[in-house]
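Have a look at the protein below. This report goes from single residues to the whole chain and back again.

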Amino acid sequence: MQKNWQIGSLFGIPLFLDPLWFVILGLVTLNFGVAYQQWGNFTAWSAGLVMALLLFTSVLLHELGHSLVAQSQGIKVNSITLFFFGGIAAIEEESKTPGQAFQVAIAGPAVSIILFVLLTLGSNVIPDTTLLNEMIRDLARINLVVALFNLIPGLPLDGGQVLKAALWKITGDRFQAVHWAARCGQILGYSAIALGFVIDFFTQELITGLWIVLLGWFGIRNANNYDSVTTLQETLLKLVAADAMTRNFRVVDADQTLREFADLYLLETSSPQVYFAAADGRYRGLVTVDDLRTTERSEWENQTLQNIVHPLTTIPTVSESTSLVEVINKLETEQLSQITVLSPAGAVAGVIDRGDTVKCLAQKLNLRITEAEIQRIKEEGSFSPGLQLGVIAKSIEEKK
């Protein structure tokens with residue numbers, strides 16, 4: 001599996017390089033090395049490499065613009081990664097208001113515009129006939145292009161984020177705003193792919209056409225991701241614990257001895273993993289096999305389940321009407337393997353774990369998640385990395 005390389009950190013934000021970054025570094029070096037040949041072979045290639053590094057420094061500053069504004073809003077920035085298509089800041093959650101979302105979105109292009117202005121002013125004080133002047137003017141133009149390109153109104157571009165913030169402000173519905181901005185991104189992506197093929201067909205500029213096609217594909221993929229995550233968030237908000245819980249538990253007699261319990265249930269090959277003890281028509285609490293194992297076997301004949309039961313008031317519980325977002329957050333923040341779901345009358349209605357939440361969402365969204373994957377999630381007690389339900393649920397909860 002391809003792994004990014006950490007090269008340091010800035011303002012507490014880890015910086016990473018995608019291995020494919022070296023490909024684009026070489027292509028940019030080649031481009032400028034050829035363009036500067038009038039200055040001599042060695043000088044041209046050296047200047048080409050410097051320009052490639054300065055280009056990615058500009059991209060890094062662009063992403064830092066987004067990241068520092070997000071940090072000022074109390075939002076964690078997990079990393080900045082330089083990769084084949086430029087750079088990306090992994091911002092953990094959405095801003096809380098449309099205005100704050102706009103600030104984060106516009107910060108990157110604003111940095112690029114500022115760099116363009118500063119570099120343009122700098123080129124005016126350096127003699128026109130020097131290589132340095134040409135390099136500075138080229139870098140200024142690149143930053144202007146980066147700013148303008150990123151302001152195209154469609155996700156995942158910054159312009160799409162600005163459009164999302166504007167639509168969020170107008171409609172008051174963040175989810176709908178993301179859907180519309182993602183649709184714009186998808187249209188732009190497909191348009192870029194079509195344009196790339198047209199350029200290739202009519203001009204025979206294969207590299208240029210292919211590059212535009214790749215940009216379009218990248219845009220579509222990320223716009224689809226924004227759309228899917230937003231749909232997931234919307235679905236989560238509509239679901240409650242009762243929708244995802246299972247009744248995969250057994251009620252046992254609280255007055256039976258530990259020996260009777262072990263003989264009757266633990267020796268069964270298909271016995272459930274969760275047991276609740278009840279007596280006189282009332283639930284006494286949860287029985288765990290670990291508590292049985294820590295009790296001396298010589299005491300199994302004398303002690304009843306009443307002696308080792310965990311009362312419902314001492315175990316993690318939620319009501320049937322508790323939102324699934326809250327359930328997932330509780331599972332994650334308290335690192336629980338499962339939670340007991342209680343009915344309005346205080347009786348045990350079911351149990352719920354990470355696998356149950358994923359299975360419920362898969363059914364609601366028609367996602368293809370195998371039973372083997374659901375079982376893995378149940379056994380390992382962790383969500384699939386690609387699903388990131390814990391992160392998504394946390395971001396929703398913090399916006400309430």
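Predicted model: local features only at pLDDT ≥ 70, side-chain atom pairs only at ≥ 80, totals over all residues.

## Asn 150 and its contacts

Beyond the residues up to four places away in sequence, Asn 150 touches His 62, Leu 157, Asp 158 and Gly 159. Asn 150 sits in helix α4. Is Asn 150 buried or exposed? Its relative accessibility is 14%, so Asn 150 counts as buried, since the cut-off for buried is under 20%.

Follow the chain on from helix α4. The loop between α4 and α5 (158–171) holds Pro 156. The peptide bond from Leu 155 to Pro 156 is cis. Its omega is near 10°.

## The whole protein

Now step back. The protein contains 14 helices and 10 strands. Its C-alpha trace spans about 100 × 45 × 45 Å along the principal axes. The radius of gyration is 29 Å, while a compact globule of 400 residues would have one near 21 Å.

Of the 400 residues, 45% are buried. The protein exposes about 20,900 Å², and carbon and sulfur atoms supply 60% of that area. Take the contacts with a separation of 6 or more: 61% of them join residues 24 or more positions apart. As for charge, there are 28 positive and 38 negative side chains. The centres of these two sets lie 4 Å apart.

Which residues have the most contacts inside the largest nonpolar core? They are Trp 21, Tyr 36 and Met 51, in a core of 24 residues. Three helices, α1 (21–35), α2 (41–72) and α4 (131–150), each supply at least two residues of this core. Helix α2 gives the most, with seven residues.

Trp 21 touches Leu 53, Phe 56, Leu 82 and Phe 83, with residues up to four places away in sequence left out. A second, separate core has 19 residues. Among them are Met 245, Val 318, Val 341 and Leu 361.

Gly 33 lies in helix α1. With a relative accessible area of 0%, Gly 33 is buried. Which residues does Gly 33 contact, leaving aside neighbours within four places in sequence? They are Ala 44, Trp 45 and Gly 48. Gln 273 is 240 residues from Gly 33 along the chain, and their C-alpha atoms are separated by 66 Å.

Lys 96 is placed in the loop between β4 (86–91) and α3 (98–124). Its relative accessible area is 45%, so Lys 96 is partly exposed. The C-alpha atoms of Lys 96 and Leu 55 are separated by 32 Å. Along the chain, these two residues are 41 residues apart.

## Two positive phi angles

Most residues other than glycine have a negative phi. Asp 280 is not a glycine, although its phi is positive, at about 55°. Where is Asp 280? The loop between β6 (275–279) and β7 (282–287) holds Asp 280. Asp 280 counts as exposed because its relative accessibility is 71%, and the cut-off for exposed is over 50%.

Gln 335 also has a positive phi, of about 50°, and is not a glycine. Gln 335 is found in the loop between α11 (324–333) and β9 (339–342). Its relative accessibility is 60%, so Gln 335 counts as exposed.

Methods
Residues numbered from 1 in each chain as written. Heavy atoms only, no water. Helix = DSSP H or I, 4+ residues; strand = E, 2+ residues; numbered from the N terminus. Rg over C-alpha atoms; globule rule 2.2 N^0.38 Å. Buried < 20%, exposed > 50% of the residue type's maximum accessible area, 1.4 Å probe, protein only. Contact = heavy atoms within 4.5 Å. Areas by Shrake-Rupley, 256 points an atom, 1.4 Å probe, with all protein chains shown as cover. Lys, Arg positive; Asp, Glu negative; His and termini not counted. Charge placed at Lys NZ, Arg CZ, Asp CG, Glu CD. Core = buried A, V, L, I, M, F, W, Y, C linked by side-chain atoms within 4.5 Å.
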